[in-house]
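Dear colleague,

I am handing over the structure below, and I would be glad if you could look through it before reading my notes. What I found follows after it.

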Protein chains: 2
Amino acid sequence: MMRYPLLLRSVLYRANTVFPEKEIVSRDFGGLFRYTYRDMFQRVSRLANALERLGLERGDHVGSFAWNNHRHLELYYAVPCSERVLHTINIRLFREQLVYSINHAEDKVIFVDEDLVPVMEDLVDELPTVECFVVMTDKPELPPSKLRNPISYEELIQDESDAYAFPEFDEWTPAIIGYTSATTGNPKGVVYTHRGLYLHCLTSLVGELGTDERDVTMPIVPMFHVNAWGRPYSDTWVGAKQVYPGSRPSPKDFCELISNERITYSAGVPTIWMGILQEVRNNPGKYDFSSIRVLMSGGSALPLSLTAAYQEELGVKLYQGYGQTETTPVTFVNVPKSSLDSLSDEQRMRMRTKTGLLLPGLEMRLVDAEGKDVPFDGKAMGELLLRGPWVIGEYYKNPEKTKEAFVDGWFRTGDIAMVDEMGYLQITDRTKDLIKSGGEWISSVDLENVIMGHPAVSEAAVIGIAHEKWQERPLACVVLRPEARGSVTRADILLYLEDKVAKWWMPDDVVFIDEVPKTSVGKFSKKTLREQYEAGQLGAGA
Amino acid sequence: MMRYPLLLRSVLYRANTVFPEKEIVSRDFGGLFRYTYRDMFQRVSRLANALERLGLERGDHVGSFAWNNHRHLELYYAVPCSERVLHTINIRLFREQLVYSINHAEDKVIFVDEDLVPVMEDLVDELPTVECFVVMTDKPELPPSKLRNPISYEELIQDESDAYAFPEFDEWTPAIIGYTSATTGNPKGVVYTHRGLYLHCLTSLVGELGTDERDVTMPIVPMFHVNAWGRPYSDTWVGAKQVYPGSRPSPKDFCELISNERITYSAGVPTIWMGILQEVRNNPGKYDFSSIRVLMSGGSALPLSLTAAYQEELGVKLYQGYGQTETTPVTFVNVPKSSLDSLSDEQRMRMRTKTGLLLPGLEMRLVDAEGKDVPFDGKAMGELLLRGPWVIGEYYKNPEKTKEAFVDGWFRTGDIAMVDEMGYLQITDRTKDLIKSGGEWISSVDLENVIMGHPAVSEAAVIGIAHEKWQERPLACVVLRPEARGSVTRADILLYLEDKVAKWWMPDDVVFIDEVPKTSVGKFSKKTLREQYEAGQLGAGA
């Protein structure tokens, strides 16, 4: 076969050649902006020419500090396809993590959304590598700012040529660099190669939960975090109509876009789906979700109650996927196999809470505390190890963390899981959140799911607390629905659990809290809870 | 990202890990054989162990001379995944082409289906490289044969271990070798690498016309020709139930399998679809085609009448794809875009006759006779050039033909095409004007050359004309020298050809014309001839 490299250029090429008439919608600062794939291709070409003019060399790092919008999409193509590297800066990182990651990546230019300029202004003095800032706005005049050498995006590309010869180069060339949203220490850099993104985004398209030309997609998962799960490439590749929800989107914005643009496919974290569900509940009859074919949830475990609510109240299928910053990210998707059709409705609903089936092209193992393989029998738990074309090989300029993350060439996910006879993986916990009680493992995630099934509970997080005899015992931190506060007690929760979990899994205590603390990307921060528990700041159990 | 190679092993791994319970049905010599993906994996492992025991080295060539059945499927995995190369010998080649290709490939062992043993017996004395033959049969005893060192397949694998550690190696390693069905000269060898097959078969799964776990697939396109369009890998990868139609399948066999196994997806050449349509017409009410989601046609242009008949008489959607031996094969698939939904039924039906949309990952150009690019405007025609990860880089041990087949690193398809503004390719002509008769190719140029050898003939053009059973048959349009006009007859021409061309190449008719219409650059305009023939304007055969 021909020595033909796997480059993101292929995605852009097909967009322009096969789907020139298809539409992209972007919620810009002044309202909805619409253009075609061909327009997008032309602006990407102009932007690539502008990057040359800015004096950026091949391999230089270009930062983006932006929401999900069409300019960010243009950066997703122009930067990597001109052999530069896009650093998708996670706007939700803490200040010191932002400074660390931009300096660690050595960004030369940063493209900033208009409304994020103040955040960047606050950092600019600590960012010596950044030579200029490009401000992305739809307004004719740049707002005054103390950014270094500010330029308007639209002015930057305005007079450039529509023609740009996208170069051919090695497929192992870096395309995007992102950083983990670590809860402790500095964020770790992950470099995504053209080859890795190509294979990840192509494989994500396979099967019932992939997208197609007929889909209207809206990536809610941010483009500043793990490549928006690859959607900006996958959806362009198949020619879907794409809707980008823009700056600081609210549940109302999402619901309006779903209704008005006839969204068929969207992807986001459970917190987003909870917010959207609440918005719909608060406004009965206002929104039309009938166009939806698939909603994908990922980033943290999808509670059964949420899946059920979407099914029953909205008539919409909410599916679950799994992945990590280190795996581009998607590695498992919960596709309901035909082999499950004979199960009862309830059994099938339970299967939907499993993490999913391994994507084509990957390999998995489960290993116990001694590193020995455990069988895929639906019972044995082990740490999930992964290999594959879009699994990290190292952390960027970080040999120490790299060493910790691998064993025999396999990436250690840090997640505890089991795999059943049908091939479905179930993540039972993070290795660090697992509760080790008397030599046995208790899954905090499983316990949380059962607790969240209680009608008065809106959120629950379970953490392990030190115990003299058993080493660790579970503590349930529960957020009650407003109307239940004060009436539902600790004893009610424990009674509810009695016939649903093993006796030795029963939490030693239940505390009621106002909300579960979240990380910068919306996941439960159990680290914060553990710290609060140790400092005695949690609310008392009623 | 991890240095993880793209190997067919990944397909096998996922089959066994994620879809162990799924079913494979094979029409064996004694009846239908059924087993699961897990059984298949175990037999593939045994077979790989047996290949070691036969003394085959890494890189050795192993021939298959077989129909679409489960043993052939096992060879598709065991041979390449143990780092050997499967030569899928095309049973439809002429005797001398068979001998040439087996010797050219230097096959060490050949696996032969029971009912094809007589064909191989006839060749064996001319195949010095073949050390032994493995006969594939479900009967306990091998039939007596004059094959060299015959072994029974079932005995070969019977006592081998179920455990085999499939090795990891470079993704550019050859997996399969096939030969073109050349009409003149020797067949040309095409080597398919693991990487090429991996990317081809993965990409074929993308979109509405890809298959999924819920499909029940039946590849009619033979496994001895261009990897059965990749189906044995694609369908296994997604865990579809697979049905292999076995030895010498008739239209009746296909119809029964479709009805009884509830086939949802099948792939074959137009001649096959014509035969199946006839079988259904001859037996009204006998068959149930309601399970079918997609039928794919390829290998030659799909007549509009056939598409319409399937739609109207069977309520079944027959789609078109395009590819070549040199391109693994699929490069275009006619997916009906949502942008076409507003067209009238008739317009949409016409769009279905177009060749299709370029698959993700490929690049195309159209060039005129001078090698200059022509625009994609739905009017300009040019030779189709292709690049991509599953496009040939060279012919096997054939530098001369390799040189002819490429220009500036692009593969010359030898097909004339245009591309419209919606991205749909339409093949308008063959550079060599091949005539497709019953799934085989007749070279019009070759026939013309022979006819023009007749002393009374000044010019001859051969065109394909529609034929109910064979799809196309050759019509010879002959210009006689002035002195011969009125004296040389149709019968004279046919008599002259009788000992010079194969019987099935004989033109169905000869018509005498005043001159062959020419294009602006002086080439025969067969398009004009075909139009004249359809309009009844040609002279009558004398």
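**The largest cavity**

Sorted by class, the residues that line the largest cavity comprise four nonpolar and five polar ones, with no charged residues among them. Please keep in mind throughout that this is a predicted model. The lining is made up of Thr88(A), Asn90(A), Gly178(A), Tyr179(A), Tyr192(A), Phe224(A), His225(A), Val226(A) and Thr325(A), and the space in this largest cavity amounts to about 50 Å³. In the structure as a whole, the count comes to three cavities of 30 Å³ or more.

**Two helices of chain B**

On the side of H9(B), the contact is made by Pro251(B), Lys252(B), Phe254(B) and Cys255(B), while H10(B) contributes Ile272(B), Gly275(B), Ile276(B), Glu279(B) and Val280(B). Taken by class, this contact of H9(B) with H10(B) holds six nonpolar residues, one polar residue and two charged residues.

**Domains of chain A**

Chain A is divided into domain 1, which covers 9-249, and domain 2, which covers 435-534. The C-alpha centres of domain 1 and domain 2 of chain A lie 39 Å apart.

**Backbone details**

Which form does the peptide bond from Thr328(A) to Pro329(A) take, cis or trans? This bond is cis, with omega near 15 degrees, and Pro329(A) sits in the loop between strand S14 (318-323) and strand S15 (330-333) of chain A. In chain B, Thr328(B) and Pro329(B) are likewise joined by a cis peptide bond, where omega is about 20 degrees, and Pro329(B) is placed in the loop between strand S14 (318-323) and strand S15 (330-333) of that chain.

Finally, Glu83(A), a residue other than glycine, has a positive phi, with a value near 70 degrees. Glu83(A) lies in the loop between helix H3 (70-81) and strand S4 (85-88) of chain A.

With best wishes

Notes
Residues numbered from 1 in each chain as written. Chains lettered and ligands numbered in written order. Predicted model: local features only at pLDDT ≥ 70, side-chain atom pairs only at ≥ 80, totals over all residues. Heavy atoms only, no water. Contact = heavy atoms within 4.5 Å. Helix = DSSP H or I, 4+ residues; strand = E, 2+ residues; numbered from the N terminus. Nonpolar A, V, L, I, M, F, W, Y, C, P; charged D, E, K, R; others polar. 1 Å grid on protein atoms, 1.4 Å probe; cavity = no way out; pocket = protein on both sides within 12 Å on 5 of 7 lines; lining within 4 Å. Points joined across faces, edges and corners; volume = space filled by probe spheres on them. Domains from an automatic or database assignment.
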